[in-house]
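Please keep the coordinates in view while reading.

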Amino acid sequence: MSAEADGEKGVSRSLDYYGGVLMVVTGLGSIWRGLEYHMGTLTQMGAGYFPVGVGSVLALMGVSTLIGAGRLPTSTGKKSTPEWRGWSCIVLALVAFVLVGRFGGLAPATFAVTFIAAIGDRKNSFRSSLLLSIVMVAVSVVVFWWALQMQFPLFRWG
Amino acid sequence: MEQSLIDLWHGFGVALAPQNLMWSFVGVLIGNLIGVLPGMGALSAISILLPLTYSLHAVPAILMLAGIFYGSQYGGAIGAILLNLPTHPPHAVTCLDGYPLTRRGKGGTALGITMMASFFAASFGILVMIFASPLLVSVAFKFGPAELFSIMLLGLLAGGTMSRGSPTKGVAMTCLGLLAGIVGTDVNSGTMRFTFGLVELSDHLELVALALGLFGIADFLHNVNRAQPAVSSVEVRLRDMAPSKAEVKEAFWPMVRGTLVGTLFGAMPGTGPTITTFIAYALEKRVSKNPERFGQGALAGVASPEASSHSKTQVDFIPTMTLGIPGDAVMALLLGALLIQGIQPGPQLITEHADLFWGLIASFWVGNILLVILNVPLIGVWVKILRVPYRLMYPAAMFFIAIGVYSTNNSLFEVGEVLVFGIIGAILIALKFPVAPILLGYVLGPNVEENFRRALTISSGNISIFVSRPISAVFISLCALLVAAQLSLWIKRTLGAARKGRARDQSTINDGASRDAIDP
């Protein structure tokens, strides 16, 4: 049990290293942008005062996370494998909804988002994805276009 | 107090009006359904359905959203007990004893006890709300910018440090949320802040897009092809659900203690529901005569955390409605819904929108009764829904998220926002950051800045205004106490870890004892 717990801790520590750096960078970025806006004084605060303040706290938290992370452990422990198929399909599905929705309308956009998301899951076959997407298009047309009268044309060209 | 009862009577009139009753029913039903679905919690349920309430009047809209909230909590307990699936984090602790009960064939009893505990706790929370709200309002009128800033600071600090995991990470996420709230045009100077040159961002980031990105898309990115298939052959029959007299007796005091824990934490702004249920469970284990039964299927381990989450939910509405300060991320979302409806939460809300406030309180009771009635016949249906495979559920949910965000402002740009927040959220989750404080920070951000600014304008830049005013001083000292407690814990832990590290290097001393001393 002890070895397992230590392994877990090792992974979480190396993650803290990345997390801490990310927070410091975000905090510093916010300070840098804030300084470009007008800072003002305590009595007459400008637009930059609050971003600089919050950014400083964020950077400070990042630093203390880094201190907690300590030195990087030599072995990173067990790592979960990246799930590129699922990730890219989820991202693509939303991008497709925006693009197809912009140029093609609600019905094709619904099909695109559901179908692309569905094939992201390894357990879905082409056929089951197709079926699910057709069902969702029907739901979309009945519920959102017809019943809720949403401001989104079913089809549009260009 | 008499006035409260008269108002409450009036509130029942509002809640039982056919149209309001219908929306309340729709809310609890959908909430219950979504709560049962794996990976969907109150946050995603409310954010998906928020756009649908725009066309409703304020009263039915809020009644429906509140119904979704406590309905999804009921649903969450079902998944936890029957399938060992913590469909949302506050119920994770319910799995510990709920699932062993199911394996012993006592799943129905566990559900029955959960329903009893939830109803009891919700009723108690409602009573607290009825009598405490007017009291709080009489104090709230003394609240100026300094007091508001201090209590919000306390809420943000508590929300950041008392969620699960590292407090520094929690505070970092709160800050990130505050920064997200800044995006857009500054009301005082007209400066565009953090818009990255995008005109669409000059208004502000969309609340629904932020919530669905962080809690919907991020969750899918995290779980796709990794979700464990739910395998269970539980059959729950109606007559299994009625607990025996001995079982009720066994669960009674844990239920009362859980309710009190929930009430206490509900009154404290910023403490999340997850930490509440964990503390209720830990307390129960400590006071129990036979703590070794916990984890093996103790009814007390189900009754107490479930009761605490329900009483907390009710009591949480008090600071949200009367001060405009949400207790946690779900409340922040409900606060956003109120603002969208053009209702400004605050001490004046109870008098200006009496029908809304008392109608909401009365609807809690009506809704909780509806839930009990609904769950008895529908439990079989919920069990079936729990088996809907993830591969079919998440593509459908993706569509609902996309269309839900689009309908908020008829804007495809905001669907793009969801994607960005989803990716950010997934990275943060992978790096073990808690994401709920982001939403709290986002909703409070503009208020925090505005009140901080106003307080210091009043005092002509004298920062001591926050400690020279008595009410504000109390909140600031609580903040200081919180920080001091966290700091001392941190120092203890780092020292302990250092000692442990040395001990391991010498590899002479058994480090078991020191570890036990550090995390009891």
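Leaving aside its neighbours within four places in sequence, with which residues is Ile46(B) in contact? The model, which is predicted, places Ile46(B) in contact with Leu65(B), Ile68(B), Phe69(B), Val330(B) and Leu333(B). Ile46(B) also belongs to the largest nonpolar core, a set of 193 residues. Together with Val113(A), Ala402(B) and Leu439(B), Ile46(B) touches the most other members of that core. The element that gives the most to this core is helix 4 of chain B (residues 58–83), with 17 residues. Chain A takes part as well: at least three core residues come from each of its domain 1 (8–69) and domain 2 (84–147).

These two domains make up the domain assignment of chain A. The C-alpha centres of domain 1 and domain 2 of chain A are 38 Å apart.

The contact between the chains takes 55 residues from chain A and 47 residues from chain B. On the side of chain A that touches chain B, at least two residues are supplied by each of helix 1, helix 2 (49–69), helix 3 (84–103), helix 4 and helix 5 (126–147) of chain A. Helix 3 of chain A provides the largest share of that side, eleven residues. By residue class, the side of chain A that touches chain B comprises 29 nonpolar, 20 polar and six charged residues.

Thr65(A) is located in helix 2 of chain A. Thr65(A) counts as buried because it has 26 C-beta neighbours inside 10 Å, and the cut-off for a buried residue is 20 or more. Beyond four places in sequence, Thr65(A) is in contact with Asp16(A), Gly19(A), Gly20(A) and Met23(A), and also with Thr168(B), Lys169(B) and Ala172(B). Val21(A) is 44 residues away from Thr65(A) along the chain, yet their C-alpha atoms are separated by 8.7 Å.

Confidence must be considered alongside this description. Chain A has a mean pLDDT of 82, with 84% of its residues at 70 or more. Within chain A, helix 4 (residues 106–119) has the highest confidence, at a mean of 93, whereas helix 1 (residues 2–36) has the lowest, at 74. In two stretches of chain A pLDDT stays under 50: residues 1–10, for which the model has five contacts beyond four places in sequence, and residues 74–78, for which it has seven such contacts. Where pLDDT is low, predicted coordinates should not be read in detail.

Notes
Residues numbered from 1 in each chain as written. Chains lettered and ligands numbered in written order. Predicted model: local features only at pLDDT ≥ 70, side-chain atom pairs only at ≥ 80, totals over all residues. pLDDT = per-residue confidence, 0-100. Helix = DSSP H or I, 4+ residues; strand = E, 2+ residues; numbered from the N terminus. Nonpolar A, V, L, I, M, F, W, Y, C, P; charged D, E, K, R; others polar. Domains from an automatic or database assignment. Buried ≥ 20, exposed ≤ 12 C-beta atoms within 10 Å, placed from the backbone. Core = buried A, V, L, I, M, F, W, Y, C linked by C-beta atoms within 7 Å.
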